[in-house]
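Welcome! Let us take a short walk through this protein together. Have a look at the picture first, and then read on.

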Amino acid sequence: MTVSHILGYPRIGAQRELKKATEAYWKGDQDREALEYVGRDLRARHWAAQRHAGLDWVSVGDFAFYDQVLNVSALLGAVPERFAAQQELAAGDVSLDTTFRMARGRAPSGTPAAACEMTKYFDTNYHYLVPELHEHQRFQLASTRLFDEVDEAHQAGHSVKVTLTGPLTWLWLGKEKGQAFDRLTLLEEVVEVYGEVLNRLAAQGVEWVQLDEPALVQDLPLAWQQAYERAYHRLQAAPLKLMVATYFGGLGDNLSLATRLPVAGLHVDAVRAADELTHVIDRLGPHQVLSVGLVDGRNIWRADLAALWERFMSVKVRLGNRLWLAPSCSLLHVPVDLALESDLDNQLKSWLAFARQKLDEVVSLSRLLDNRATAEDETRLDAATRALDERRDSERTCRKTVRARLAAIQLADSARSSAYAQRALAQRRKLDLPLFPTTTIGSFPQTQDIRAARRAFKAKTLGREAYEARMREEIAYSVARQEALELDIPVHGEAERNDMVEYFGERLEGFAFTRFGWVQSYGSRCVKPPVIYGDVSRPAPMTVRWSEYAQTLTDKPMKGMLTGPVTILHWSFVRDDQPRETTCRQIALALRDEVVDLERAGISIIQIDEPALREGLPLRQGQWQAYLNWAVECFKLSASGVRDETQIHTHMCYSEFNDIIGAIAALDADVITIETSRSDMELLAAFQDFAYPNEIGPGVYDIHTPNIPEVAWMVQLMEKALEKIPAERLWVNPDCGLKTRHWEEVEPALANMVEAAKVLRKRYA
Ligand SMILES: CN1c2c(nc(N)[nH]c2=O)NC[C@@H]1CNc1ccc(C(=O)N[C@@H](CCC(=O)N[C@@H](CCC(=O)N[C@@H](CCC(=O)O)C(=O)O)C(=O)O)C(=O)O)cc1
Ligand SMILES: N[C@@H](CCS)C(=O)O
Ligand SMILES: [Zn+2]
C-alpha cells in the first residue's frame with residue numbers, strides 16, 4: 001500500500017488561535033496554563049484532521065509556540081548565556097519563557113536580554129531564530145517538549161511519525177557568534193544529542209522519525225557533504241527508522257550523497273524538481289522508502305489529481321510499497337482551510353487548495369495509485385479535473401489585451417531616456433535640494449486608530465467617505481509633522497495601506513483576497529498573501545489621489561510611494577500556469593502606468609520599494625543571474641516611463657546586499673535608500689568597490705528598536721559613508737518605514753536625524 005503523510009501542518013490555527021493566545025500571554029492577559037491548553041487543543045485538532053483525512057501517520061514535532069528551529073535549539077541546550085538559563089539547562093528542561101526571551105528579548109518571566117537574530121527560512125517568507133554557535137560549545141538534551149507531545153499523540157490513539165529539523169540543517173542555519181570558527185567542529189556533539197533524542201523516541205514506541213535536511217538542496221561545500229555521511233552513519237544506530245526530508249528544490253550535485261545516506265527513507269520535492277525523480281529512484285537502495293512530494297506545499301493551487309495519478313503510475317510500479325506520498329514540503333507555508341473563505345467566488349475557490357484540502361489530495365492520490373479509490377476519491381478526481389479545465393480555459397486567467405501589451409514590450413521600454421548623469425542635472429534644476437537631503441521611507445505610525453478605522457470600513461460600519469476623510473486627516477497630520485521637522489522630502493505616510501503588497505493587490509485585476517488566508521511569517525506575526533490568479537492589469541490609478549492630496553499640503557516635492565513588481569510577486573501566491581517572470585512583467589506594466597500618472601499629477605519624486613528583490617534569489621547560485629536579469633528588467637519597466645527630471649527612488653531592507661550589488665546598480669534608480677545602520681555602513685564598501693554611480697541614502701537609524709538615535713551617532717555613521725561616497729550623492733534617512741513605531745519615538749528620532757543633516761551640511765558644504 002502507498003503510505004500517505006505530510007511533512008508538517010500549519011500551527012497558527014484556522015482562526016489564528018495561536019497568535020491570539022501567545023500575544024495574550026505575553027501581555028499578561030492569560031496565564032501559561034491557558035496558553036499550553038491552546039497549544040494542546042491545536043495539536044489535537046491538527047492531528048485529528050490528518051487522521052480523519054486518512055493519512056497513515058500524523059506528524060508530531062511540527063508544533064511550536066514560536067519557531068521550530070528555536071525548539072531544536074532548546075532541545076539541544078543551545079541557549080546563549082545571556083538568557084541565564086543555567087539552572088533550567090542543568091535540570092534538562094528549558095522553559096517556554098526562556099525560548100520566548102530568545103525569540104523576543106523578553107517574556108512574562110526572566111530578565112530581558114537581546115533577542116537572537118531572526119532570518120528567512122530558505123526562500124520562504126517564514127523567519128526562524130538563528131542558532132547562536134560558539135567554539136567548543138557543549139550540547140545536552142535540554143527539553144522534554146517533543147517527548148511530551150509524542151505521549152499526547154499516542155494517548156489520542158494516533159500513529160505517530162516525528163518530524164524534526166535535522167542536525168546538519170540546524171548547524172547550517174546557525175551562525176558563529178564572536179570569533180569565527182568551523183561550525184562542523186560542533187557536529188559530533190550535536191549528533192550525540194540527536195542520538196539520545198532518537199533513542200528516547202524509540203523507547204516511546206516511535207517507528208519513524210523524519211529529519212528535515214533542506215540544506216541538501218543548496219550548494220554545499222565538500223566538508224559539509226562529507227559531514228552528512230558521517231552524521232547519518234552515527235544516527236543509523238538508533239533503533240527506529242529515519243527519513244531524511246529534502247524540499248524547496250532539487251538535490252542537484254547532492255543527489256548521490258542523499259541517496260547514499262544510510263537511512264530507511266528519503267523525501268524529495270517532486271514539484272520543484274520533477275525531472276530528478278527518475279535519477280533518485282535509480283539510485284535508491286533496494287529497501288529504502290521514497291516519499292514523493294507531489295502536492296505543492298508552497299502554493300495554494302488545487303492539484304491536478306488526474307495528471308498526477310497518470311504521472312506516478314510508473315513510479316508506483318517501480319517502488320510498490322516503498323512509495324510514500326506527501327506534499328512537497330511542510331504545509332506551514334500555506335493557509336489553513338479554504339472552507340472558511342465564504343467571500344471567495346465559487347469558481348476561484350474551486351481552483352484552490354489550502355493545507356486542509358491538501359491532506360485530501362495526498363490521501364486520494366495514494367488510494368488512486370493503489371487501485372482502491374473510494375467514491376469520495378472519484379468525486380475529488382472529477383471535481384479537480386473540471387476545476388482545472390475551467391481554470392485553463394477561463395477568460396479570467398487569460399486576457400488578450402494584457403498579453404498583447406506584454407508582447408509589444410520593446411527593449412527601450414526598460415530604460416530611462418537619458419543616462420543618470422544627465423537625469424541628475426535635470427533633477428537638480430527642478431528639485432533644488434540641499435546637500436544631504438532628508439527624507440523617510442514612506443510609512444508613518446499605523447496607530448490603533450487608523451487600524452480601527454480600517455476595520456470599521458471593512459466591516460461596513462464606517463462608510464467610504466468617512467473612512468477616506470479619516471485617512472486624509474491622518475495624511476494632513478503626518479505632512480504637518482514633517483513640515484515642522486523640516487524634512488526636505490515629505491511623504492504622505494501610507495495611512496491608507498493595510499500592507500504594502502495587499503493594498504496594491506486589492507487594486508489590481510488578476511488578484512484575489514482571502515479573509516482567513518493567514519500564513520505565519522514569524523512568531524505570532526502573520527501575512528495574508530494575495531492570490532494572483534489571472535493576467536494583471538490596473539483598472540484605475542491606485543495611489544494618485546492620496547499623493548495629489550498630500551502635495552496640496554506642502555510646497556516641498558511630495559514623494560509618491562509604490563511597492564515594486566518583484567516585491568508584489570514574492571509576497572503573493574503566484575499563478576503556476578505561466579513563468580513567474582511573465583506575471584512579474586504584467587505587474588511591472590501596471591505599475592508603470594501608475595508611475596506615469598503620478599508624474600502627470602505633479603509628483604516629481606516617486607519611490608518604488610523592492611525590499612524582496614534579494615530574498616527572491618534562487619537557492620542555487622547557478623540560477624541567480626537568470627532571476628536577477630528578469631527582476632531588474634521588471635523594475636526598470638515599471639520605472640522608465642517618466643521624464644528625466646522625475647526622480648525615481650527605490651528602497652531595500654531586510655537583507656544583505658553585497659552579493660547582488662551589480663543588480664542593484666543595474667536598476668538605475670536615481671536614488672536608493674537602503675538598510676545599513678545595523679551593519680555600521682559596511683555595505684557601502686560594496687557600493688564603493690562597484691563604483692555605484694547614482695545617489696544613496698544609507699539608513700542612519702534602525703527603525704526596529706524604540707531607541708532614539710543620537711545626533712552624534714548619526715553624524716559619525718554618515719561620516720563613515722562619506723569615506724566611500726561623495727557628499728553630493730548622499731541622502732539622510734532611516735533604515736525602513738516607520739509604521740511599526742509610535743509618534744513619540746518617531747518625532748524625536750527624526751528631529752535628531754534632521755539635526756544630523758544640518759551638522760553635516762555645515763561641515764561639508
Ligand atoms: C515586511 N514583511 C512583509 C512580508 N509580506 C508582506 N505582504 N508584507 C510585509 O510587510 N513579508 C516579509 C516581512 C514580514 N514581516 C512582517 C511584519 C509584521 C507582520 C504583522 O504585524 N502582521 C500582522 C497583520 C497585519 C495586518 O495585515 N493588519 C491589518 C489588519 C488585519 C486584521 O485583520 N486585523 C484584525 C481583525 C480582527 C478585528 O480586530 O476586527 C486581526 O488582527 O485579527 C491592517 O492593518 O489593516 C499580524 O498581526 O500578524 C507580518 C509580517
Ligand atoms: N514604503 C514602505 C517600505 C517598507 S520596506 C514603508 O515605508 O513602510
Ligand atoms: Zn523597508
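Which residue in strand 20 is the bridge partner of Ile 605? The bridge partner is Gln 647. Before going on, a word on the ground rules. This is a predicted model, in which local features need pLDDT of at least 70 and side-chain atom pairs count only at pLDDT 80 or more, while totals for chains, interfaces and linings use all residues. Residues are numbered from 1 along each chain as its sequence is written, chains are lettered from A and ligands numbered from 1 in the order in which they are written, and side-chain values use heavy atoms, with hydrogens and water left out.

Strands (E, at least two residues) and helices (H or I, at least four) are DSSP runs, numbered from the N terminus, and two strands pair if DSSP finds at least two bridges between them.

| Residue | Bridge partner | Strand of the partner |
|---|---|---|
| Ile 605 | Gln 647 | strand 20 |
| Thr 673 | Gly 697 | strand 22 |

Strand 19 (residues 605-609) is joined to strand 20 by five bridges, and strand 21 (residues 671-674) pairs with strand 22 over four. In strand 22, Glu 695 and Gly 697 point one way, Ile 696 and Pro 698 point the other way, and all are buried (under 20% relative accessible area; exposed is over 50%, partly exposed in between, with a 1.4 Å probe and protein chains only).

**The zinc site**

Which protein atoms are the donors of the zinc ion (ligand 3)? They are His 651 (NE2), Cys 653 (SG) and Cys 736 (SG), lying 2.1 to 2.3 Å from the ion. Donors are N, O and S atoms within 2.8 Å of the metal (3.2 Å for Na, K and Ca), and sites may look incomplete as water is not among the atoms. Along the chain, the donors follow the spacing H-x1-C-x82-C. His 651 sits in strand 20 (residues 647-652) and Cys 736 in the loop between helix 27 (711-722) and helix 28 (743-764), so this pair, 85 residues apart, links distant parts of the chain. His 651 is buried at 2% relative accessibility, and Cys 736 is buried with a relative accessible area of 9%.

**Helices 1 and 2**

The axes of helix 1 (residues 17-27) and helix 2 (residues 32-53) come within 9 Å and cross at roughly 170°. That makes helix 1 roughly antiparallel to helix 2 (over 145 degrees; under 35 is roughly parallel, 65 to 115 roughly perpendicular and the rest oblique).

Helix 2 also holds His 46. Is His 46 buried or exposed? With a relative accessible area of 10%, His 46 is buried. Leaving aside neighbours within four places in sequence, His 46 is in contact (heavy atoms within 4.5 Å) with Tyr 9, Pro 10, Arg 11 and Gly 13.

Terms used: Axes are lines fitted to C-alpha atoms, for helices over the stretch in contact, and angles run from 0 to 180 degrees between N-to-C directions.
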